[in-house]
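Here is a short briefing for a first look at this structure. Keep the 3D view open while reading.

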Amino acid sequence: MTFSRTLFANAIAGFALAMLAAGPVAAGAPAKIEGGTKLIKQGETAQFPIVSSASESSDFHAACDVETGGRASLTFDGEHYIPLSEPAVGDIVTLAPGEARHYDLTGTVEANKGDAYIAFSFTGVPQAMCFPGEQCGGAAGGAQNVKVTCKGS
């Protein structure tokens, strides 16, 4: 073995031994969502606070259902929430008329000062796709409101 390979192998072995000596990482109590159902109009946000540890990260599991009677675009948001499932923070969720979506959220909530949350913001009604020369009524079929229900799982 060359010197660099030996050095690399020794570094990996040392790291593995250090991880074994440290033992398992202590996990805090799971984070809990303050769930409920919210009916939001365009420009409004359905925000759900998360209760978690102020000193360490916590596992998070919740279920959210989003329903609408018309077309709608929502933006998923979160503070101190690190998603391991869809949607990711910043994702745009587009719903067709009468569509409902279910999300099983899994992730981690960072240690925080009690200001952790997840949210769905009703950002608008998607415009219809129009080709040049066509008349399009982009708001036709747009949702008046969106129902968001979240609960712990």
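Helices (H or I, at least four residues) and strands (E, at least two) are DSSP runs, numbered from the N terminus. By that rule, Thr75 lies in strand β5, residues 72-79. This is a predicted model: local features need pLDDT of at least 70, side-chain atom pairs count only at pLDDT 80 or more, and totals for chains, interfaces and linings use all residues. Residues are numbered from 1 along each chain as its sequence is written, and side-chain values use heavy atoms, with hydrogens and water left out.

**Overall make-up**

- The protein chain holds 1 helix and 10 strands.
- Read from the N terminus, the order of elements is α-β-β-β-β-β-β-β-β-β-β.
- The protein chain has 153 residues, and 31% of them count as buried. Buried means under 20% relative accessible area, exposed over 50%, and partly exposed in between (1.4 Å probe, protein chains only).
- Contact means heavy atoms within 4.5 Å. Among contacts between residues at least 6 apart in sequence, 75% join residues at least 24 apart.

**The open sheet**

- Strands of a sheet pair through backbone hydrogen bonds, either parallel or antiparallel.
- Two strands count as paired if DSSP finds at least two bridges between them.
- Here 5 strands make an open sheet, in the order β1-β3-β9-β5-β7, with antiparallel pairing.
- β1 (32-33) and β7 (92-95) stand at the edges; each has a single partner strand, so one side of each lacks a neighbour in the sheet.
- β5 and β7 are joined by 4 bridges and pair in the antiparallel sense. Leu74 has Val93 in β7 as its bridge partner.
- The covered face of β7 carries Val93 and Leu95. Ile92 and Thr94 are on its uncovered face.

- Is Thr75 buried or exposed? Thr75 counts as buried because its relative accessible area is 19%.
- Leaving out residues up to four places away in sequence, Thr75 touches Gly90, Asp91, Ile92, Ala119, Phe120, Ser121 and Thr123.

**Pairings with β8**

- Strand β8 covers residues 100-109 and runs antiparallel to β4, with 10 bridges joining the two. Cys64 stands opposite Tyr103 in β8.
- Strand β6 (residues 81-83) is also antiparallel to β8, through 3 bridges. Ile82 stands opposite Thr108 in β8.

**The disulfide**

- A disulfide is a pair of cysteine sulfur atoms within 2.5 Å. This rule gives a count of 1 disulfide.
- Which residues does the disulfide join? Cys64 is linked to Cys150, with an S to S distance of 2.0 Å.
- The link of Cys64 and Cys150 is right-handed, with 115° about the S-S bond.
- The pair connects distant parts of the chain: Cys64 sits in strand β4 (residues 58-68) and Cys150 in strand β10 (residues 145-152), 86 residues apart.
- Cys64 counts as buried because its relative accessibility is 0%. Cys150 is buried too, with a relative accessible area of 2%.
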